[in-house]
Amino acid sequence: MRFPALLTWLAYPVYVWQGLGVRRRTTRMLPAQGPVMHEISGEAPAISLLVLGDSSAASVGIGNSEDGLAAQLAVMISQRTGRTVRWRAAGFNSATSGQVRDHVLPNLSADPWTHIVLAIGTNDTKNFHSVLRFKKEFGGLLYGLRAKWPEARVVWSPVLEFTRAPAMPSLLGKILEVRATAMNRMGERLCLERGAVPAPRLPITDPEAGFASDGFHASEAGYRAWAEHLVGPVIAG
């Protein structure tokens with residue numbers, strides 16, 4: 001898969017041209033309003049859930065954070081386990097693996113998280129980072145998480161399918177999808193090497209319902225489907 005990813009550099013002018021067009025047409029959306037941490041009552045022992053990453057962890061694309069990935073995932077975990085769930089969403093617009101590793105992780109308080117969900121890699125792909133750079137930055141992030149929370153179950157949600165995003169022109173989506181596939185292969189390998197769990201890639205069956213008005217971020221229904229997809233891998237351990 002490395003060879004096709006290298007070939008995408010030949011299409012870099014197309015990436016720049018079509019990417020600038022997408023940026024001009026797309027309204028930049030803000031993180032959702034509402035709580036970024038909360039607790040759902042249930043039985044002991046409590047589950048402490050941290051959802052860490054890019055704009056998807058910040059529930060960009062919707063109005064209320066209670067309909068976002070972290071909140072909906074926490075509700076589903078509580079419903080399936082009957083346990084108290086304390087959750088926090090630590091998401092940042094346009095964040096890459098390296099930025100989360102260098103600027104977010106060192107400043108997170110060492111709360112006793114039992115489960116950590118990583119929603120990261122989309123911007124690494126979209127920004128045309130190389131697979132080797134992703135290996136260094138995402139791999140370093142995994143090392144940092146394991147060092148800070150050695151007992152936590154860390155689950156990574158791979159990069160979504162670019163060709164299914166309504167905002168993506170067909171050719172640009174195909175170029176980025178080749179790179180996303182290479183990123184996901186490397187991310188899965190790093191997770192297995194460094195004590196994390198790579199979740200299966202989220203299948204996008206209904207792009208019209210699953211994406212927000214910008215055609216790139218998830219809608220409320222999209223975040224719900226994403227949470228339903230992740231709850232199994234998260235609580236399996």
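## A loop residue to start with: phenylalanine 128

Phenylalanine 128 sits in the loop between helix 5 (122–126) and helix 6. Helices here are DSSP runs of H or I with at least four residues, strands are runs of E with at least two, and both are numbered from the N terminus. This is a predicted model, in which local features need pLDDT of at least 70 and side-chain atom pairs count only at pLDDT 80 or more, while totals for chains, interfaces and linings use all residues. Residues are numbered from 1 along each chain as its sequence is written, and side-chain values use heavy atoms, with hydrogens and water left out.

The phi angle of phenylalanine 128 is near 65°, a positive value in a residue other than glycine. Is phenylalanine 128 buried or exposed? Phenylalanine 128 is buried, because its relative accessible area is 5%; buried means under 20%, exposed over 50%, and partly exposed in between, using a 1.4 Å probe and protein chains only. Arginine 179 lies over the face of phenylalanine 128, at 4.0 Å from the ring centre. For a charge to sit over a ring, NZ of Lys or CZ of Arg must be within 6 Å of the ring centre and within 35 degrees of the ring normal.

## The chain as a whole

The protein chain has nine helices and six strands. Of its 237 residues, 52% count as buried. Taking contacts between residues at least 6 apart in sequence, 83% join residues at least 24 apart; contact means heavy atoms within 4.5 Å.

How many aromatic pairs does the structure hold? There are five. Rings of Phe, Tyr and Trp (its six-membered ring) pair if their centres lie within 6.5 Å; planes under 30 degrees apart count as stacked, over 60 as edge-to-face and the rest as tilted. One of the pairs joins phenylalanine 134 and tryptophan 156, a tilted arrangement with 6.5 Å centre to centre and 45° between the planes. This pair links distant parts of the chain, with phenylalanine 134 in helix 6 (residues 131–148) and tryptophan 156 in strand 5 (residues 153–157), 22 residues apart. Both phenylalanine 134 and tryptophan 156 are buried.

Tryptophan 156 also pairs with phenylalanine 138: the ring centres are 5.0 Å apart and the planes meet at 50°, so this pair is tilted. Again, distant parts of the chain are linked, since phenylalanine 138 belongs to helix 6 and tryptophan 156 to strand 5, 18 residues apart. Phenylalanine 138 is buried, as is tryptophan 156. Through these ring pairs, Phe134, Phe138 and Trp156 are linked into a cluster.

## Helix 6 against helix 7

Two packed helices are described by the angle between their axes and the distance between the axes. Helix 6 and helix 7 (residues 170–193) pack at an angle of about 35°, with their axes 10 Å apart. The axes are lines fitted to C-alpha atoms, for helices over the stretch in contact, and angles run from 0 to 180 degrees between N-to-C directions.

Which residues meet here? On the helix 6 side they are Val131, Phe134, Lys135, Phe138, Gly139 and Leu142, and on the helix 7 side Ala182, Met183, Met186, Gly187, Arg189, Leu190 and Cys191. These contact residues divide into nine nonpolar, two polar and two charged. In that count, Ala, Val, Leu, Ile, Met, Phe, Trp, Tyr, Cys and Pro are nonpolar, Asp, Glu, Lys and Arg are charged, and the others, Gly among them, are polar.

Asparagine 184 also lies in helix 7. Asparagine 184 counts as buried because its relative accessibility is 10%. Not counting residues up to four places away in sequence, asparagine 184 touches Trp156, Pro158, Val159 and Arg201.

Leucine 69 is in helix 3 (residues 69–81), and is buried with a relative accessible area of 0%. Its C-alpha atom is separated by 5.1 Å from that of tyrosine 223, 154 residues apart along the chain. Leaving aside neighbours within four places in sequence, leucine 69 is in contact with Val51, Ser56, Ser59, Tyr223, Trp226, Ala227 and Leu230.

Serine 59 is found in the loop between strand 2 and helix 3. Serine 59 counts as buried, at 4% relative accessibility. Its phi is near 60°, a positive value in a residue other than glycine.
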